[in-house]
Amino acid sequence: MLNFVYQEHRSSYYYDSRNLDLQFPKISANQSADVCVIGAGFLGISTALELAEKGKKVIVLEGARVGFGASGRSGGQAINGFEEGIDEYIDHIGFEKARKLWDMSLEAIDIIDERVQKYGIQCDWKKGYATLALNNRRMDDLIAMQKASEEQCGYTNMQLWDKAQLKQHLGSDIYVGGLYDSNSGHLHPLNYCLGLAKACVEAGIEIYEHSPATEIQVKSDTQALVFAENFTVSCENVVLAVNAYIDALSKKITFGIENTILPVESFIIATEPLSQTMADSLINNGMSVCDNNLLLDYYRLSADNRLLFGSDSSTNVDMIAKMRSEMLAVFPQLEDAKIDYGWAGPIDMTMNSSPHFGRAKPNVYFAQGFSGHGVALTGLAGRIISEAICGNDERLAIFEGLKVPHLYGGKWIKKMALKVGVPYYRFLDKYR
C-alpha cells in the first residue's frame, strides 16, 4: 500500500531547494464549506483556487503535507496533449471533441503561464521540450505526431529535428532525431505547488494538513459530509484529488474509482551542480527532454545546473545505481559527476493512458489517470471541475465520454498487472 497519512515530505532535491516553508494546522473543529477538496497536490490546490476565484468557500484536507506526492517529486515537465495521440481520440470520440481536447491541453500550459505571472510564483518555469527517438521506427512516430498536430489541429509550435539539428542543442549521440515543442516546458514542481498553496491562503481557502479524510457520506445531490480525524466538514460538493494514493484510502471514500488507475513508481536522480561549460555541453537551450519509449527516460537541467534524470519503471534493484547507469548511457561525459540525490514517487496511470475525469456521485467529483502529464493537466482538471460545480459541465462531459478500462480484483491484481506489464513494456521497447 502507498501510505501517506501523517507523513512528512520525502528527502529530494526539490524539498531541499524549496523557497517556501509552509505549515498548515490539523483540522480541530467541525467545519462547513461550499466545497471540500480532498488532497493538496496540484489537482486539489488548483481546484480550490479556481473555486475560490468563482466565489466559493473551500476547505482542503490533506493527509500528509501540501505537495507530498508527485506534485512535489515529479520530473516537472509540463507537456501539451495527452499520452495518446490526437488520431486515437479522433477515432474514439470524433474530430470535434478530439479537437476540443487538444485545445484544452494547450490551455493547460496557458494556465501555468497565467498563474506564475498572476501570483508571482518563483518556480523556474521555462519553455522548451523535446521528445527524442532512439531508432528510425520511433522517429516515424514523431513525424506522424507532428503531422497530426499541424494538419488536424493547426498547431505549428513543433519542429522535427534530424540527428544533426538535435546535436546543435543536445550533447548525446544515441538518438536519431527528435520533435521539439517550443510551447511545452518545465518547472520546479514543489515550488509551483507551494506557490499555488500560498495563493489559496491569500484567497481565503482553509488548508488542513495531517488531516486524512476517512469517509464521505452523501446525503443528497447537494449535501455531503466528509469525516476527517474526529471532525467533519459539511459541504455541498466534494472533490477527490488523491490520484496515485487512492489505494491507501477506505472504500468509504473512493466509490470504486480506484479500479481505473495503477500507481507506477518513477525514479529521479540529481547530480551535483555542474559547471556552466559542462551543463551547456549537455543541453544548451534550456529544454526538458524525454525519449518515446513506453518506459521512458526524461531529464533536464535545474536552475543551479544539476542534471535531473528520471525513468518510469518498477524494480527492486539499487535505483540510484540503475539510474546513474541509464544517465551515463545518454551522457557518458558525466562519468565523474557525483550523484547528490535520488528519490522515488508514484504517478497514476490508466491502462490505456487516457485521463479519467468525472463524477463518482452527482456532487462528488474526481480527476485522475494523468499518466505522466499531470503538471499541466491537473490545472486544467481543476478548472473544468470548478466549472461543473458552478453549473457548466460541458467540458467535463467530454472527458467523461473517454473510455477508461477498469481493473477488478483490488490491490493484488494491480501488483500482478505491474509485474507482468513492466517486463512486457521493456520487451516492446527493445524490439519496436
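For the residue classes used here, Ala, Val, Leu, Ile, Met, Phe, Trp, Tyr, Cys and Pro count as nonpolar, Asp, Glu, Lys and Arg count as charged, and the others, Gly among them, count as polar. The structure described is a predicted model, and the lining of its largest cavity comprises, by these classes, three nonpolar, four polar and two charged residues. The residues that line this largest cavity are His9, Arg10, Ser12, Tyr15, Gly67, Phe68, Gly72, Arg73 and Leu190, and the space within the cavity amounts to about 40 Å³.

In total, two cavities of 30 Å³ or more were found by the rule applied. The second largest cavity holds about 30 Å³ of space, and its lining is made up of Gly75, Gln77, Ile268, Tyr298, Tyr299, Arg300, Leu308, Phe309 and Gly310. Two or more residues of that lining are given by each of strand E15 (297-301) and strand E16 (307-312). Sorted by class, the lining of the second largest cavity has five nonpolar, three polar and one charged residues.

The size of an interface is often given as the accessible area lost when the parts come together. For domain 1 and domain 2, the buried area is about 1,500 Å², and carbon and sulfur atoms give 59% of that area. On the side of domain 1, the residues that lose the most area to domain 2 are Tyr13, Arg73 and Ala244, which together account for 44% of what that side buries. Arg73 is also one of the residues that line the largest cavity. Across the interface of domain 1 and domain 2, zero salt bridges were found by the rule.

Gln7 is located in the segment before helix H1 (13-16). When its neighbours within four places in sequence are left aside, Gln7 is in contact with Gly63, Ala64, Arg65, Phe68 and His210, and among these Phe68 also belongs to the lining of the largest cavity. The C-alpha atoms of Gln7 and Lys338, which lie 331 residues apart along the chain, are separated by 29 Å.

Key: Residues are numbered from 1 along each chain as its sequence is written. This is a predicted model: local features need pLDDT of at least 70, side-chain atom pairs count only at pLDDT 80 or more; totals for chains, interfaces and linings use all residues. Side-chain values use heavy atoms; hydrogens and water are left out. On a 1 Å grid over the protein atoms alone, a cavity is a set of points where a 1.4 Å probe fits but cannot get out, and a pocket is an open set with protein on both sides within 12 Å along at least five of seven lines; lining residues have an atom within 4 Å of a point. Grid points are joined across faces, edges and corners, and a volume is the space filled by probe spheres set on the points. Helices (H or I, at least four residues) and strands (E, at least two) are DSSP runs, numbered from the N terminus. Buried area is the accessible area (1.4 Å probe) that two parts lose on being put together, summed over both. A salt bridge is a side-chain nitrogen of Lys or Arg within 4 Å of a carboxyl oxygen of Asp or Glu. Contact means heavy atoms within 4.5 Å.
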